[in-house]
Amino acid sequence: MGRKASYVVSTGVTNLGLVIDEPINPNGIEINGITHETDDVRKPERQQWGNDREFLLSCIAMSVGLGNIWRFPFTAYENGGGAFLIPYIVILIIVGKPFYLLEMILGQFSSRSAVKIWDIAPAFRGVGIAQFITLLALASYYCSLMALTLFYLIASFQTELPWGRCQKEWGEFCVDSLPGNNSTRVENISYSSSAELYFYKEVLREKDNIDDGIGAPDWRLTITLFISWLTVFLVVIRGVRSSGKAAYFLAIFPYVVLIVLLVRAVTLDGSVAGILYFITPTWEKLLTPMIWYHAVAQCFFSLTICFGAVVMFASHNKFHHDLYRDAMIVTTLDTFTSLLAGCTIFAILGNLSRELGIKDIGAVMKSGTGLAFISYPETIAKFTIVPQFFGVVFFAMLFVLGIGSEVGLASAIISIVHDQFPKVKYWHIAAGTCFCEFLIGLIYVTPGGQFMITFVDYYVTSFIAFLPAAFEMIAIAWSYGLGNFLNDIEFMLNRRLSIFWRICWSVLTPGIILVIFIYTFVNLELLKYNNKFYPSLIYEIGWILFSIAVFQIPLWIVIAIFKNRHLPFRKMISEAFRPSKSWGPSNVEDRKKWMAFRDQCDAEKK
């Protein structure tokens, strides 16, 4: 005998394609489920956070990262300043919060990693695989940025900041970044600051192009890259037992430093002009589609959603933990941090433009790594009071921010691998993951490393992340059924979510993501780094990598259907999209209660 269990879609109509026979034993537990009460061999218990604070602080440490400090200010500046805050906050509410909450729910409800959660709809397992590929790429180059940060941190301990004064080998068109520099300049000649030339010629030792290859790894950056990965490994070595303890420092320390820097920045001459420049809106920018693309991109990479890290952290929660509260706190705090960082940075840039005698603050604004390793160091070099202290504090903050985010990314990779190979010791997988990512990261510490970071970010981790994200939400709302999902949430949290979340999950959020992806894809331009084109072979490799990730989605749909080739055609299709029998809470008692709750919900619908 078996019990007929049906999954009800959001309209309240029973979806016959999701009706399954679930054999049960006399104790009321699925025979084909995840475990039996009488089994001698059981799945290893999944680690849990030491307390609720560890989970919350870990999420804050992961989501509040380098993207808030150097990506958000430049993105806001390029997209209308204060006007950018309107689409950014709108996107946060209708895209960021729904995705963050959805991924937390999936992880906590199933106690599975970002690939294993697709037992909920096996045909969409390719979504998890695609996200895993982007996760590998993102984790590899993110740590290389931490290596640069660590290099500057060590350099800040010198008696005189090394980027403050020009070197002879840098040429005659170099201007010292030290305070009180009044050297004579020739008109119509482009000069570069010592901070800029130090970054490109001393730290990166960058090539003009990569037509003849990217070169060999720099030994100094290789060491700092290794130390960065070693730090990550030591934090994740025991899973959430160790990373949860480290989260107290990783989440709180950057805020202390950021507030100290803000207090110092607002006391500088020109700081008010810089902050006003940041918040003054350029309203015509609101009418351009790209401002909405940048708002979505900033939201994704700032919150670290759709890469598997949020799912992984939530999978270590207790089953009935109030994650709704945590999701609202993290997403709101992330936006507050971006605004705080923006005011701090533009206060510093306002002072820099005053020191250089440049009226347009935007002229001293650098993008991405240039903002962190040129504009900031140049301003710090102009401090008359212990610039070394502010250099150490600033780059220590960046390094800690980077560690907090990298721990989340690395832990997500480790969790996915460990779920596939549960018999292998966790720390062995952690060591292998960190070492392999370190080897991959060596391409980013070569003279052509920044070319490669831009390349990988563009083809593997940028707008490509939108497509799996859209399918993730479509799979939950339309394959598993929004009604079933809401029932699962009610059972787990004892809370019935409002219609706002139903509208976002079913139509609004995936629709926005798909429109943004299509618009971006149609308007793609040939990739350049510092206005320099790549060799044609690099573009071909980029599209191959892009295709490998994207085609995971249709590939696994075909595989799921092919597995049921012995069935009639219509049933073969429906079986592929039906939840696996192992889907549900991992704990035996929670699973029994969930099945009873599900049957009750089905009965009420009839």
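## Terms and model

A residue is called buried under 20% relative accessible area, exposed over 50%, and partly exposed in between (1.4 Å probe, protein chains only). By this scale Asp419 is buried, with a relative accessible area of 16%.

The model is predicted, and local features need pLDDT of at least 70, side-chain atom pairs count only at pLDDT 80 or more, and totals for chains, interfaces and linings use all residues. Residues are numbered from 1 along each chain as its sequence is written, and side-chain values use heavy atoms, with hydrogens and water left out.

## Salt bridges

The whole structure contains 15 salt bridges (a side-chain nitrogen of Lys or Arg within 4 Å of a carboxyl oxygen of Asp or Glu). One of them joins the side chains of Asp419 and Arg46, at 3.1 Å from N to O. Asp419 belongs to helix H13, while Arg46 sits in the loop between strand E2 (20-23) and H1, so the bridge ties together parts that are 373 residues apart in sequence. Helices (H or I, at least four residues) and strands (E, at least two) are DSSP runs, numbered from the N terminus. Asp419 is buried at 16%, whereas Arg46 is partly exposed at 22% relative accessibility.

Another salt bridge pairs Asp119 with Arg125, with the closest N and O atoms 2.9 Å apart. Asp119 is buried at 10% relative accessibility, and Arg125 is buried at 17%. Between Glu202 and Arg205 the closest N and O atoms are 3.8 Å apart. Here Glu202 is partly exposed at 26% relative accessibility, and Arg205 is partly exposed at 38%. Glu202 and Arg205 also belong to a network of salt bridges that includes Asp218 and Arg220.

## Annotated binding site

An unreviewed UniProt entry places the feature "binding site" at Val64, Asn68, Ser302, Leu401 and Ser405. These positions are spread over 342 residues of sequence but cluster in space, with a largest C-alpha distance of 11.9 Å. UniProt positions are given in the numbering used here, feature names are shortened, and annotations may be inferred rather than shown by experiment.

Val64 lies in the loop between helix H1 (52-63) and helix H2 (66-78) and counts as buried at 6% relative accessibility. Not counting residues up to four places away in sequence, Val64 is in contact with Tyr255, Ser302, Asp334, Thr337, Leu401 and Ser405 (contact means heavy atoms within 4.5 Å). Ser302, Leu401 and Ser405 on that list are also among the positions that UniProt annotates.

Ser405 is part of helix H13 (residues 387-420) and is buried at 5% relative accessibility. Apart from its neighbours within four places in sequence, Ser405 touches Ala61, Met62, Val64, Gly65 and Tyr142.

## Aromatic pairs

The structure holds 57 aromatic pairs. In Phe226 and Phe438 the ring centres are 5.6 Å apart and the planes stand at 80°, so the pair is edge-to-face. Rings of Phe, Tyr and Trp (its six-membered ring) pair if their centres lie within 6.5 Å; planes under 30 degrees apart count as stacked, over 60 as edge-to-face and the rest as tilted. Phe226 is in helix H6 and Phe438 in helix H14 (residues 426-441), so this pair ties together parts that are 212 residues apart in sequence. Phe226 is partly exposed at 44% relative accessible area, while Phe438 is buried at 9% relative accessibility.

Tyr376 and Phe394 also form an edge-to-face pair, at 4.7 Å centre to centre and 90° between the planes. This pair connects helix H12 (residues 369-381), which holds Tyr376, with helix H13, which holds Phe394, 18 residues apart. Tyr376 is buried at 2% relative accessibility, and Phe394 is buried at 5%. Tyr376 and Phe394 are part of a cluster linked by ring pairs, whose other members are Phe151, Tyr152, Trp163, Trp170, Tyr198, Phe199, Tyr200, Phe373 and Phe395.

Ile227 is partly exposed, with 34% relative accessible area.
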